[in-house]
Amino acid sequence: MRIAVIGTGLIGALHARFLARHPACTLVAVCDTDIEKAQQVAGELGCRAYGDFETLLAAEQLDAVTIATPESHRFEPAVAAAHRGLKILLEKPLGRTLADVDRLVAAMRAEGADPAVNFILHADPRFARMKEIAAMGGIGRPVSTFARRRGTRLGIEKYAQWTDLLSSTLIHDIEMALTVNAAPPERVYAEAVVRACAPYGSHDAVVATLRFADGAVALFETSWVLPPGQPEPLDPAFHLIGDGGSVVIEGSSMGIRVLSEQGYTQPDMAHWPIIDGSIGGALARSLDAFVDRARAGLPPLVGLDQARSAEAVVDAMKRSIATQAPATVRAGGSM
Ligand SMILES: NC(=O)c1ccc[n+]([C@@H]2O[C@H](COP(=O)([O-])OP(=O)(O)OC[C@H]3O[C@@H](n4cnc5c(N)ncnc54)[C@H](O)[C@@H]3O)[C@@H](O)[C@H]2O)c1
């Protein structure tokens, strides 16, 4: 596939580095409104650099794009790529509000596009195995889910200015909770702490419950306030409890602990570890799945419907925090 990456910040540069080495892809170009970032990645990977996506799409013969711009700049490149009939991988989340997300979903459908959405937990072997076990009835009927996602204040410094804790971070666990539970989400109740994030209209920490239509429940806890020196850069957990068993996933370091003169760390081995110069982990497997499925004409690992459901729960949590009352999850088309 002749492929390009739009948005070469933290995650888009990783997309580009992975795709440049992919045996089934030719990385043709990268694009960033900060042209120096695009030129740096392009220089390193031997492809062309563009400062705007319209010029890129007009100039290059492409089969596919990945779009890793901030979600407030996701709609225009996504629709332009869909209009050209390209295969598309969109970074999550899909937009800043549920109304934006519904507009994007409607526009993609109108173009006949079926983009992949990069919820990378699906490509973490532990979560993939949990999905299989739950789907085969290996834990009986799900009763309760617990998910934790604790980042450091580096998250506030980088992300709170243009996104928020629920949309950028907890949405991964929300989307997975919806995947492994049988019934649709109905109602949430959420409480937030707002201190360092007050200038950004975001939350420092959120604790939320979610009730499913079959009576199962989920509990979520998330924050991005810990000092940057926390041993695991991200401290996640996901526990799925059923009436016939459970699956418990803890951490992102897969058990490795490192003590050196610089201190004690538990490096990320789950999300995008770079080993021998190659990007691995869930990000690599997710991009691989995108390429394989796009080439085979198969539906994406995670598509618009699943992504939209998670966005609807995020939206309900934000409404619950604002009103200090339980909020009903808005089903698709009920805006
Ligand atoms: N799936 C995951 O696990 C994962 C991980 C990290 C980030 N993300 C998502 O990826 C997105 C980007 O996050 P990031 O950490 O890379 O942010 P970032 O700020 O590091 O990078 C975003 C880049 O997009 C560029 N940009 C902005 N508008 C653009 C436009 N119209 N056209 C081209 N380039 C444009 C910016 O100049 C910047 O370089 C966010 O939505 C984030 O939630 C997903």
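Predicted model: local features only at pLDDT ≥ 70, side-chain atom pairs only at ≥ 80, totals over all residues.

**Stop 1**

Select residues 2–6, which form β1. Four of the five residues in this strand are buried, leaving β1 mostly covered.

Next, show residues 64–67, strand β4. β4 runs parallel to β1, and four bridges join the two. Ile 6 takes part here as well, with Ile 67 as its bridge partner in β4.

**Stop 2: over the helix**

Colour residues 10–20, helix α1. Together with β1 and β2, α1 makes a β-α-β unit, and the unit is right-handed.

**Stop 3: the nonpolar core**

Pick Ala 4, Val 30, Val 65, Ile 88, Val 313 and Met 317. These are the residues with the most contacts inside the largest nonpolar core, which has 99 residues.

Zoom in on Val 30 for a moment. Leaving aside neighbours within four places in sequence, its contacts include Ala 4 and Val 5, along with Ala 16, Val 41 and Cys 47.

**Stop 4: a cis peptide bond**

Go to the loop between β5 (87–90) and α5 (98–110), where you will find Pro 93. The peptide bond from Lys 92 to Pro 93 is cis, and its omega is near -15°. For context, most peptide bonds are trans.

**Stop 5**

Most residues other than glycine have a negative phi. Your last two selections depart from that pattern.

Select Met 254, in the loop between β12 (245–250) and β13 (258–260). Its phi is positive, near 55°. Met 254 has 16 other C-beta atoms within 10 Å, so it counts as partly exposed.

Finish at Asp 276, in the loop between β15 (274–275) and β16 (278–279). Asp 276 has a positive phi of about 55°, although it is not a glycine. Is Asp 276 buried or exposed? Asp 276 is exposed, because it has 5 other C-beta atoms within 10 Å, and a residue with 12 or fewer counts as exposed.

Technical notes:
Residues numbered from 1 in each chain as written. Buried ≥ 20, exposed ≤ 12 C-beta atoms within 10 Å, placed from the backbone. Right-handed = clockwise from strand over helix to strand, strands pointing away. Pairing = 2+ DSSP bridges. Core = buried A, V, L, I, M, F, W, Y, C linked by C-beta atoms within 7 Å. Contact = placed C-beta atoms within 7 Å.
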